[in-house]
Amino acid sequence: MKVVKLLKNDSNESLTRIDFKQLDRLVIKNREGCHVLKFSNILFLKSDSNYTEIYTNDDKQFIASKTLKSLQSKLGDFFIRVHQSYIVNILFIEEYHYHNGIRLANNEIIPVSNSMKKKVRSMFK
């Protein structure tokens, strides 16, 4: 696990910053604090302009004030960008229909862009 030591400005007391990606976690900050989401609970992420909606397998939704592109680098290997507006967790893919898109475990249908169809099809070989 990658741990980075930081120093407080007003004292020599050290703080520890944890690399949550190595812990298979995504941290979502909001006004009240932070939500720490396990990668294994995230179904998909959906872009909404400069915000990202994050959907979990327990029917919860979180809003991050980050773009989908900026969150993509914080996700693990089981996530794939299938559309300009969507990233899905491949562990929750139930079906892939060439014309309709991906059906997830919660029956949500996620579109697959034309440019990503070849990459998605290759996952099923």
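Leucine 91 lies in the loop between β9 (86-89) and β10. The model is a predicted one. Is leucine 91 buried or exposed? Leucine 91 has a relative accessible area of 54%, and the cut-off for exposed is over 50%, so leucine 91 counts as exposed. Leucine 91 also belongs to a nonpolar surface patch.

Next comes β10 itself. Strand β10 spans 93-97. Three strands make an open sheet in the order β10-β11-β12. Their pairing is antiparallel. Which strands form the edges? They are β10 and β12, and each pairs on one side only. Between β10 and β11 there are four bridges, in the antiparallel sense.

Now look for charged side chains. How many salt bridges does the structure hold? There is one. Glutamate 95 and arginine 103 form the salt bridge. Their closest N and O atoms are 2.7 Å apart. Side chains of opposite charge can pair when their charged atoms come close. Glutamate 95 has a relative accessibility of 32%, so it counts as partly exposed.

Move on to the loop between β11 (101-104) and β12 (109-110). Asparagine 107 is found there. Its phi is near 70°, a positive value in a residue other than glycine. Most residues other than glycine have a negative phi. Asparagine 107 has 53% relative accessibility, so it counts as exposed.

Serine 113 sits in the loop between β12 and α2 (117-123). Is serine 113 buried or exposed? Its relative accessible area is 17%, and buried means under 20%, so serine 113 is buried. A polar contact of 3.2 Å links the side chain of serine 113 to that of serine 115. Leaving aside neighbours within four places in sequence, serine 113 is in contact with Val82 and His83.

Strands β5 and β6 run antiparallel, joined by six bridges. Within this pairing, serine 47 has threonine 52 in β6 as its bridge partner. The hairpin of β5 and β6 has two residues between the strands. Where is serine 49? It is in the loop between β5 (42-48) and β6 (51-56). Serine 49 takes a positive phi near 60° in this hairpin. Its relative accessibility is 59%, so serine 49 counts as exposed.

Strand β6 has a further pairing. It joins β7 (residues 61-64) in the antiparallel sense, over four bridges. Here isoleucine 54 stands opposite phenylalanine 62 in β7. How many residues lie between the strands in the hairpin of β6 and β7? There are four. Which residue takes a positive phi in this hairpin? Aspartate 59 does, with a value near 60°.

Terms used
Residues are numbered from 1 along each chain as its sequence is written. This is a predicted model: local features need pLDDT of at least 70, side-chain atom pairs count only at pLDDT 80 or more; totals for chains, interfaces and linings use all residues. Side-chain values use heavy atoms; hydrogens and water are left out. Buried means under 20% relative accessible area, exposed over 50%, partly exposed in between (1.4 Å probe, protein chains only). Two strands pair if DSSP finds at least two bridges between them. Patches are made of residues with over 30% relative accessible area and no salt bridge: like charges are joined within 9 Å, nonpolar side chains (Val, Leu, Ile, Met, Phe, Trp, Tyr) within 5 Å. Accessible areas come from the Shrake-Rupley method with a 1.4 Å probe; for residues, only the protein chains shown count as cover. A salt bridge is a side-chain nitrogen of Lys or Arg within 4 Å of a carboxyl oxygen of Asp or Glu. A polar contact is a pair of N or O atoms within 3.5 Å; within protein, one must be able to donate a hydrogen and the other to accept it, and residues adjacent in sequence count only if both atoms are side-chain atoms. Contact means heavy atoms within 4.5 Å.
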